Amino acid sequence: MPVRLILVGPPGVGKGTQSALIENRLGPKPLSSGVIFRAEIDAQTDLGELAKSYIDRGELVPNGVTIQMMLKRIRTSEVQQRGFILDGFPRTVRQAEALDEELKKAQIELDAVVSLEVEDAVIIERLSGRLGCTKCGAIYHRINKPPKRDGFCDNCNSPVIIREDDNPETIRERLRVFRENTAPVVDHYATQGKLIRVEASRDPEVVYSEIKDKLIQ
Ligand SMILES: [Zn+2]
């Protein structure tokens, strides 16, 4: 049976790692809204051109357009067979409601919404330890993956610095925005009985096993 799920979690929680583990072992195809947007725009499809017209005017792409793009992928025969992992969508309750309606029309049942949960302090520690190379973009971590020579990139010897996005203040703001938008989405799926909450500060393999066990129940 294809697995169909939505993965939600704050920046730095390890969504990419879990998405890859789930894809490799259970088969569903990750569908990232950002990647799909770019692909549609690059391919100059009708939906891509429509989305671009909003982006070019500095406006938000309407929910309807975003959902049609996601559904177009969900309806491909590959995704029908493999299932999917939605990442970065839905971001709001309105989007979630619209997605529910479209999935129902297409007779596609969502298996679960997996919420990866970690305390803010842990995320701040993880992300604020990141160091980026000023030249080649290589990423290090002060504790988990320090460069061999303190302060300089292993690849190109350029200085490594904390990126603007990874300042503790910026991270706190990103977390605040995430919680404000996403908490209602999580509640929305909890009332449908589809929510799986997983404590995600542990080893990625342990987190994956718990997701798998709860999915199969
Ligand atoms: Zn470098």
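The sheet comes to begin with: an open one of five strands, in the order β2-β3-β1-β4-β8, with parallel pairing. Strands here are DSSP runs of E, at least two residues, and helices are runs of H or I, at least four residues, both numbered from the N terminus. Two strands pair if DSSP finds at least two bridges between them. The edge strands, each pairing on one side only, are β2 (29–32) and β8 (195–199). From one strand to the next, the twist averages 25°.

This is a predicted model, in which local features need pLDDT of at least 70, side-chain atom pairs count only at pLDDT 80 or more, and totals for chains, interfaces and linings use all residues. Residues are numbered from 1 along each chain as its sequence is written.

Strand β4, residues 112–117, runs parallel to β8, and five bridges join the two. Glutamate 117 stands opposite glutamate 199 in β8.

Next, a helix pair. The axes of α4 (residues 63–74) and α6 (residues 93–105) come within 10 Å and cross at roughly 45°. Axes are lines fitted to C-alpha atoms, for helices over the stretch in contact, with angles from 0 to 180 degrees between N-to-C directions. That makes α4 oblique to α6; under 35 degrees would be roughly parallel, over 145 roughly antiparallel, and 65 to 115 roughly perpendicular.

Which residues of α4 meet α6? They are Asn63, Ile67 and Leu71, and in α6 they meet Arg94, Gln95, Ala98, Leu99 and Glu102. Contact means C-beta atoms, placed from the backbone, within 7 Å.

How values were computed: Contact = placed C-beta atoms within 7 Å.
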